[in-house]
Amino acid sequence: KKLETFAKGLINETLERHIFNALKQEEGESFDDFLTDVKNLSRNCNFYEACYPSLLRERILAGILSDSLRKTLLSETKLTPEKAIDIC
């Protein structure tokens, strides 16, 4: 537990958020693998819990490769992260 506390103190939140926000789905990468990366990277970002769902939704929208899929997602009036994941 002490090691975890020590290691957590070394996290550069600004760098972690930059990496999270820059993440894009790679050519040939499945959506499930991309989503796993998004969720894993978000762990060290210290996002406020209430904001996390909208940040996840936005990262999916900005990071997916398919423009037609993005248009489908953007046409949804009440797009939740769960709905975005289901559609993708």
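User: Leaving aside its neighbours within four places in sequence, which residues is F34 in contact with?
Analyst: Happy to start there, keeping in mind that this is a predicted model. Contact here means heavy atoms within 4.5 Å. Setting aside neighbours within four places in sequence, the partners of F34 are L23, K24, Q25, E29, R59, I60, G63 and I64.

User: Which residues have the most contacts inside the largest nonpolar core?
Analyst: That core has 15 residues. Those with the most contacts inside it are F31, F34, V38, I60, I64 and L73.

User: Which element gives the most to this core?
Analyst: Two or more residues of the core come from each of α3 (31–42) and α4. With four residues, the element that gives the most is α3.

User: Let's turn to G63. Is G63 buried or exposed?
Analyst: G63 sits in helix α4, which covers residues 52–63. Its relative accessibility is 2%. Buried means under 20%, so G63 counts as buried.

User: What separates the C-alpha atoms of G63 and E26?
Analyst: Not counting residues up to four places away in sequence, G63 touches L23, K24, Q25 and F34. As for E26, it is 37 residues apart from G63 along the chain. The separation of their C-alpha atoms is 9.0 Å.

User: How many disulfides are there?
Analyst: A disulfide needs a pair of cysteine sulfur atoms within 2.5 Å. By this rule, the count is zero.

User: Good to know! Is C51 buried or partly exposed?
Analyst: For C45, the relative accessible area is 0%, so C45 is buried. C51 has a relative accessible area of 35%. That value lies between the 20% and 50% cut-offs, so C51 is partly exposed.

Terms used:
Residues numbered from 1 in each chain as written. Predicted model: local features only at pLDDT ≥ 70, side-chain atom pairs only at ≥ 80, totals over all residues. Heavy atoms only, no water. Buried < 20%, exposed > 50% of the residue type's maximum accessible area, 1.4 Å probe, protein only. Core = buried A, V, L, I, M, F, W, Y, C linked by side-chain atoms within 4.5 Å.
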